[in-house]
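The text can be read alongside the sequence and the structure.

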Amino acid sequence: MCMDIIDLMGQILKQSEYEGRFTLDEVLHYSSVHSLTGIGVSGEGAHAFYLVLYGGEPDGAILVDEKGTLFGDAAVLHLTGGETFDLSRVSPPVIEALVSRCRVFEKSHLKKNGRLDIPTIGTPIRQRVGILCLTV
């Protein structure tokens with residue numbers, strides 16, 4: 001099964017237009033600015049992550065490794081944020097077919113890989129050891 005997916009993705013990518021190499025954050029930014037429809041690939045061979053983009057949005061994900069294959073949200077949860085992706089443009093009908101099988105429903109997992117920077121508002125309060133100060 002894993003080799004079938006890898007072979008299928010390889011065939012799709014052979015017929016696509018290469019855009020460049022990007023980090024996860026760069027892929028998300030670049031694809032949204034250029035309304036890109038395509039696939040970002042991180043890794044190769046039997047260990048690969050495919051990020052499927054439609055109209056600039058990360059709509060699908062596939063993770064293939066030695067343990068098996070994960071699709072959609074389950075695949076996205078395995079991203080570390082340090083991956084680099086080879087990004088390629090792919091025709092919309094092909095992407096629509098892929099997304100229907102590996103849809104990402106919770107896209108917040110992709111944005112900064114679930115890590116959000118909490119802004120500090122106002123002046124910092126003096127903190128002491130053993131006291132938890134949380135300002136919302």
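A residue is called buried if its relative accessible area is under 20%, and exposed if over 50%. By that cut-off strand E2 is mostly covered, with 5 of its 7 residues buried. The model is a predicted one.

**The sheet**

E2 belongs to an open sheet of 6 strands, ordered E1-E6-E2-E3-E4-E5 and paired in the antiparallel sense. Strand E1 (17-23) and strand E5 (68-71) stand at the edges; each has a single partner strand, so one side of each has no neighbour in the sheet. On average, neighbouring strands are turned by 20 degrees against each other, direction ignored.

| Strand pair | Sense | Bridges |
|---|---|---|
| E2 and E3 | antiparallel | 7 bridges |
| E2 and E6 | antiparallel | 4 bridges |
| E4 and E5 | antiparallel | 4 bridges |

Gly-38 stands opposite Leu-53 in E3, and Gly-40 stands opposite Leu-87 in E6.

The buried residues of H4 are Ile-95, Leu-98, Val-99 and Cys-102. Viewed down the axis of H4, its buried residues fall within an arc of 100 degrees, so they line one face of the helix. Pro-93 and Arg-101, on the other side of H4, are exposed.

In soluble globular proteins, nonpolar side chains tend to be buried together. Here the largest nonpolar core has 18 residues, and Phe-49, Leu-51 and Leu-110 are those with the most contacts inside it. Two or more residues come from each of helix H2 (24-34), E3, strand E4 (57-65), helix H3 (73-76) and E6. H2 gives the most to this core, with 4 residues. A second, separate core has 16 residues, including Ile-5, Ile-6, Tyr-50 and Leu-98. Leu-98 is also one of the buried residues of H4.

**Phe-49 and its ring partner**

Phe-49 is buried, at a relative accessible area of 4%. Setting aside neighbours within four places in sequence, Phe-49 is in contact with Gly-40, Val-41, Ser-42, Ala-61, Ile-62, Leu-63, Ala-75, Val-76, Leu-79 and Phe-85. Among these, Gly-40 is the residue that stands opposite Leu-87 in E6.

A pair of aromatic rings is described by the distance of the centres and the angle of the planes. The structure holds 2 aromatic pairs. In the pair formed by Phe-49 and Phe-85, the ring centres are 6.0 Å apart and the planes are at 75 degrees, so the pair is edge-to-face. Phe-49 lies in strand E3 (residues 47-54) and Phe-85 in strand E6 (residues 84-89), so this pair ties together parts that are 36 residues apart in sequence. Phe-85 likewise counts as buried, at 0% relative accessibility.

Key:
Residues numbered from 1 in each chain as written. Predicted model: local features only at pLDDT ≥ 70, side-chain atom pairs only at ≥ 80, totals over all residues. Heavy atoms only, no water. Phe/Tyr/Trp six-rings, centres within 6.5 Å; stacked < 30°, edge-to-face > 60°. Buried < 20%, exposed > 50% of the residue type's maximum accessible area, 1.4 Å probe, protein only. Core = buried A, V, L, I, M, F, W, Y, C linked by side-chain atoms within 4.5 Å. Contact = heavy atoms within 4.5 Å. Pairing = 2+ DSSP bridges. Axes fitted to C-alpha atoms, helices over the stretch in contact; angles between N-to-C directions. Arc of directions from axis to C-beta.
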